Amino acid sequence: NGDNLYSVTIKVTDNNGAGQSDEQVFTIQVTDVNDGGGGNTNPTIANLDAIRQVTPQGTAVLLDSNIDLVDAELDAANAGSGNYGNARLLVQRDGGASINDELGLNLTVLALLGITQENDGELYYQGNLIARETSSGVFGANGALDITFESGATSAQADAIARATTI
């Protein structure tokens with residue numbers, strides 16, 4: 001949509017057989033980075049599935065394993081490999097972060113792609129910093145995942161990080 005906000009509904013079901021559940025809507029915001037060259041288009045999120053089921057205090061699940069971050073200008077940079085430098089990915093509950101929400105990243109999924117966490121809140125690819133947690137320095141702290149991509153972060157790396165988001 002025009003304000004670059006996308007919603008995903010998380011449904012929590014009590015697994016004690018009582019059949020109780022609760023749904024919360026999380027908002028993913030893509031912040032546009034204007035390249036100053038004119039013709040800048042709004043970023044979008046493609047392939048976002050709308051509903052995820054999680055169990056309180058249960059195993060973290062991937063928010064969406066096939067999500068694509070799309071920005072024509074950023075994707076075209078670096079000879080088509082993309083450069084998401086200074087772009088920001090924010091995942092939090094609709095209406096604001098809640099400390100009860102346990103967002104994070106699946107580091108095993110990222111490691112399969114050569115992306116590692118070498119310091120709290122910093123992701124590296126082949127020794128180069130490609131993303132950092134913006135607000136707290138720890139991924140998922142305070143109920144939000146707030147990531148700023150570093151210069152040189154490719155489209156594939158930005159997508160991989162978004163796909164590794166857990167709730």
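How many bridges join strand 8 to strand 9? Four bridges join strand 8 (residues 115–119) and strand 9 (residues 122–125), and the two run antiparallel. This is a predicted model, in which local features need pLDDT of at least 70, side-chain atom pairs count only at pLDDT 80 or more, and totals for chains, interfaces and linings use all residues. Residues are numbered from 1 along each chain as its sequence is written, and side-chain values use heavy atoms, with hydrogens and water left out.

**Overall**
- The protein chain has three helices and 12 strands (DSSP runs numbered from the N terminus: helices H or I of at least four residues, strands E of at least two).
- Of its 167 residues, 38% are buried (under 20% relative accessible area, 1.4 Å probe, protein chains only).

**Strands 8 and 9**
- Strands count as paired if DSSP finds at least two bridges between them.
- Thr 116 has Tyr 124 in strand 9 as its bridge partner.
- Two residues lie between the strands of this hairpin, where Gly 121 takes a positive phi near 75°.

**Helix 3**
- Helix 3 (residues 155–163) is largely enclosed by the rest of the structure, because seven of its nine residues are buried.
- Among the buried residues are Gln 157, Asp 159 and Ile 161.

**Aromatic pair**
- The whole structure holds one aromatic pair (ring centres of Phe, Tyr or the six-membered ring of Trp within 6.5 Å).
- Tyr 84 and Phe 149 form this pair, with 6.2 Å centre to centre and 80° between the planes, which is edge-to-face (over 60 degrees).
- Tyr 84 lies in the loop between helix 1 and strand 6 and Phe 149 in strand 11, so the pair ties together parts 65 residues apart in sequence.
- Tyr 84 is buried at 3% relative accessible area, and Phe 149 is buried at 2%.

Definitions and conventions
Buried means under 20% relative accessible area, exposed over 50%, partly exposed in between (1.4 Å probe, protein chains only). Rings of Phe, Tyr and Trp (its six-membered ring) pair if their centres lie within 6.5 Å; planes under 30 degrees apart count as stacked, over 60 as edge-to-face and the rest as tilted.
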